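Please have the model open as you read.

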Amino acid sequence: MTLLIRVSKQVQRKNFQNLLLCRFLSESSALRKGPESKEECEWLHGSSQEMLSIVRGYVEVRQNFISKEEENALFKEVETGLRKKRYEFDHWDDAIHGYRETERLQWGVMCESILKRVRAVAFPEGSPLLGPIHVLDLDKEGYIKPHIDSVKVCLSVICTILMFSTFNTVISTLLMFSVSAVLSCQFCGSTIAGLSLLSDSVMRLVPENKSTDWVDLLLSRRSLYILRDDARFKFTHEILKDEESFFSGQKVARHRRISIICRNLPV
């Protein structure tokens with residue numbers, strides 16, 4: 001009887017140790033994956049695991065990248081110029097409906113520090129960046145249609161440089177383009193990063209060669225999204241209109257949305 005009790009205690013002790021080991025290994029595995037594995041479920045949703053695997057590494061959303069105070073500072077700085085414009089319901093390449101836009105070269109101290117953080121996390125160190133920051137204001141009823149970004153020079157960007165920059169700034173900006181970029185008329189690089197102000201929204205990516213597949217990104221208010229390489233040039237992307245704005249089956253109400261967009265230059 002004593003032997004039986006001793007064996008029973010040893011078995012229980014071994015099972016308890018195994019349970020602890022399993023828990024330790026499970027927690028270690030989660031730690032190795034890092035916080036992204038949990039956060040991905042919060043902002044990334046797709047038609048299949050295969051699609052999620054394809055875009056992983058090319059898309060990123062950082063929730064609460066800026067504070068309410070920082071959002072306020074950015075809004076005040078861009079609103080002065082935006083309110084002088086009317087919302088447009090057609091676009092030069094038919095990509096946007098219900099929008100107004102501008103480019104901005106000069107920023108206040110707080111806003112410049114925010115943009116410096118954006119550049120630090122979104123672009124490789126030393127990567128040449130397109131000087132003017134693109135500001136896109138979508139009306140509540142506005143939306144961005146499925147499209148693949150044009151890498152060609154944007155006429156409005158050149159006009160902004162010529163109108164609001166000194167001669168030295170114009171020359172130094174143009175000198176940043178590589179010879180191959182100039183010869184091919186390619187003026188935007190591999191990465192785009194955007195801050196989302198005023199509203200949540202859903203960005204949908206669809207592979208160019210297979211329209212039945214899709215990936216949705218939840219762009220929460222005050223978040224930063226980053227699209228790199230294949231996500232920019234092998235997928236269409238769009239911002240869903242309010243009546244279609246759902247993420248993982250949940251309604252994401254759309255309001256007026258301002259995005260502050262940074263791009264790098266080709267090398």
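Ser-248 sits in the loop that links strand E10 (246–247) to strand E11 (250–251). In this predicted model, the phi angle of Ser-248 is positive, at about 50°, although the residue is not a glycine.

Now turn to Asn-64, which you will find in the loop between strand E2 (59–62) and helix H4 (68–82). Here, too, phi is positive in a residue other than glycine, with a value near 50°. Is Asn-64 buried or exposed? Its relative accessibility is 56%; exposed means over 50%, so Asn-64 counts as exposed.

The last stop is Ser-199, placed in the loop between strand E5 (191–197) and strand E6 (201–207). Ser-199 has a relative accessible area of 1%, and because buried means under 20%, this serine is buried.

What surrounds Ser-199? Setting aside neighbours within four places in sequence, Ser-199 is in contact with Leu-219, Ser-220 and Arg-221, and also with Ala-253, Arg-254, His-255, Arg-256 and Arg-257. For one of these residues, His-255, there is a further detail to look at: its backbone nitrogen lies 2.9 Å from a polar atom of the Ser-199 side chain.

Note on methods: Residues numbered from 1 in each chain as written. Predicted model: local features only at pLDDT ≥ 70, side-chain atom pairs only at ≥ 80, totals over all residues. Heavy atoms only, no water. Helix = DSSP H or I, 4+ residues; strand = E, 2+ residues; numbered from the N terminus. Buried < 20%, exposed > 50% of the residue type's maximum accessible area, 1.4 Å probe, protein only. Polar contact = N/O pair within 3.5 Å; in protein donor to acceptor, adjacent residues only side chain to side chain. Contact = heavy atoms within 4.5 Å.
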